[in-house]
Amino acid sequence: MSVPTLPSRVPLATKPLGVLGSLQAGRRNVLELIPEIATHAPILSGRTGKRWHMVMEPGALRQILRDKVENYPKSVVTKLILGPAIGESLFVAEGAHWQWQRRAAAPVFTHRNVAALAPVMTRAAERSAARLAAGLGRDVDVFAEMVAATFEVISDVTFSDGAGFDRAAVHRAIEGYIGQTAKVSFLDIVGAPAWVPRLNRMFAGAGIREMKRVADLAIDQRRLEGAHPVPDLLDLLLAGEDPSTGRKMTTAEMRDNLLTFIVAGHETTALTLAWALYLCAFDPDVQAAARAEAMAVLGDRAATVADVAQLPLTRQIVDEALRMYPPAAFLSRTAQAEDSLCGREVLKGDTVILPIYALHRHHGLWANPDAFDPSRFAGAQKIDRFAYLPFGDGPRICIGASFALQEAVIILATLLARFQFSRIEGKEPKPVMILTLRPEGGVWLKVEPAK
Ligand code: HEM
């Protein structure tokens with residue numbers, strides 16, 4: 001079998017004119033529109049209807065995400081895309097409305113609460129292994145399999161066993177919604193005003209209305225029934241309040257936040273796992289070492305939260321998958337006031353793009369950036385905090401990061417201990433940028449019993 005020298009990557013544009021041509025043509029893969037020079041330069045600026053800047057320099061990223069965060073709220077277009085499904089929830093709100101929700105939701109994601117939710121992850125890992133075992137010998141789309149596993153986790157921890165919660169209906173609505181976001185183009189991202197009515201039309205669907213109705217029912221029912229002995233995310237949010245004012249969430253606010261956790265949490269974690277499995281198939285030596293680690297710690301049981309600290313290589317593979325294929329491949333912000341980034345003038349209203357994919361493959365920040373090397377994350381090696389941003393940073397950093405990492409390590413170790421994953425000739429995954437960085441057509445691997 002012919003082995004490519006490097007894992008799949010997005011073909012970045014090499015001619016500036018090509019970038020402009022593609023933009024004018026509209027509907028192209030956003031990541032292909034990130035020019036190759038973004039992996040060498042600190043900042044790139046341009047104008048496509050609106051002025052925009054792509055920022056790859058860690059100091060300037062720190063300025064945007066942390067030091068001057070109030071000057072760089074999430075871009076208007078982020079809100080237009082996400083607002084119809086998840087309202088003014090934690091992910092899109094700004095200022096005081098964001099702050100009180102973040103304070104109310106923070107206790108939900110403390111180390112202790114996330115650890116207490118781990119048995120749900122262990123069960124999902126076990127069921128995923130059972131499905132894979134039933135289909136041995138066939139080629140498997142491990143992305144679809146990981147979507148099934150992570151959806152089980154997130155729906156169990158948000159609306160566990162909720163009578164009246166139609167899990168399949170919610171999953172269908174969310175998949176449909178994510179499919180719609182596939183039509184978002186770079187022009188939408190930089191905020192060309194002409195596209196706004198089109199975006200509004202795209203996301204006013206019946207599926208979203210149905211999803212909200214089902215969630216509201218489940219929340220009201222839980223209020224009546226009271227919390228479970230082991231509280232799930234819904235119980236924790238019901239108990240949560242802003243510590244400074246005592247304010248609690250209404251049913252609508254709670255529903256928007258729970259749906260945000262589902263939308264923001266399940267596909268991103270499934271992507272991380274699918275890319276991690278692909279990378280293990282790409283590098284059989286790393287896979288063998290990770291399997292030895294997992295077998296030694298787990299024997300033939302599924303991983304639990306107590307095992308996570310004993311699985312450092314598994315964790316490094318997850319970290320490296322998040323570097324090479326960051327699910328949130330770019331973030332965008334709108335400048336509220338004049339500023340200077342890397343000596344470049346930024347005007348009020350400019351779109352500021354944080355192309356995480358290009359940052360994570362930047363030649364000035366990473367040695368051999370396109371190569372798979374989990375040992376970059378081993379031990380005490382110093383990685384600039386703002387050179388590695390799979391979860392963002394500053395006050396808007398992903399609230400579910402430790403939840404996602406714990407889940408990814410538990411599922412990956414369980415699967416690697418039992419199965420051998422290998423590439424299928426001619427079926428390399430093709431990363432494309434939709435709202436997240438996804439493998440077009442899936443990640444197909446051969447799955448055999450571990451030897
Ligand atoms: C590997 C999986 C995940 C990745 C790569 C990821 C990535 C991100 C990123 C990059 C942001 C910041 C966006 C920005 O600054 O524009 C974010 C925010 C957020 N994420 Fe995640 N996420 C993941 C899993 C999760 C999970 C499991 C949950 C919930 C259960 C979650 C809930 C959220 C929420 C609510 C926010 C908004 C936080 C705020 O603005 O205060 N994410 N995520």
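Helices here are DSSP runs of H or I with at least four residues, and strands are runs of E with at least two, numbered from the N terminus. By that count the chain, a predicted model, has 17 helices and 11 strands. Of its 451 residues, 47% are buried. Taking contacts between residues at least 6 apart in sequence, 76% join residues at least 24 apart.

One helix pair can be followed in detail. Two packed helices are described by the angle between their axes and the distance between the axes. For helix α7 (residues 142-159) and helix α13 (residues 251-282), the angle is about 145° and the axes lie 8 Å apart. The crossing of α7 and α13 is right-handed. On the α7 side, the contact is made by V142, F143, M146, V147, T150, F151, I154, S155 and T158. On the α13 side, the contributing residues are L258, F261, I262, G265, H266, E267, T269, A270, L273, A274 and L277. By class, the residues of this contact between α7 and α13 comprise 13 nonpolar, 6 polar and 1 charged.

Helix α13 also takes part in the surroundings of α15: the buried residues of α15 pack against α13, α14 (284-298), α16 (356-360) and α17 (401-418). Helix α15 itself covers residues 312-324, which is 13 residues. From its first C-alpha to its last, α15 reaches 18 Å, close to the 18 Å expected at 1.5 Å a residue. This helix is mostly covered, with 11 of its 13 residues buried. The buried residues of α15 include L313, I317, V318, A321, L322 and M324, as well as T314, R315, D319, E320 and R323.

Methods:
Residues numbered from 1 in each chain as written. Predicted model: local features only at pLDDT ≥ 70, side-chain atom pairs only at ≥ 80, totals over all residues. Axes fitted to C-alpha atoms, helices over the stretch in contact; angles between N-to-C directions. Left-handed = near helix turned anticlockwise from the far one by under 90°. Contact = placed C-beta atoms within 7 Å. Nonpolar A, V, L, I, M, F, W, Y, C, P; charged D, E, K, R; others polar. Buried ≥ 20, exposed ≤ 12 C-beta atoms within 10 Å, placed from the backbone. Expected span 1.5 Å × (residues − 1).
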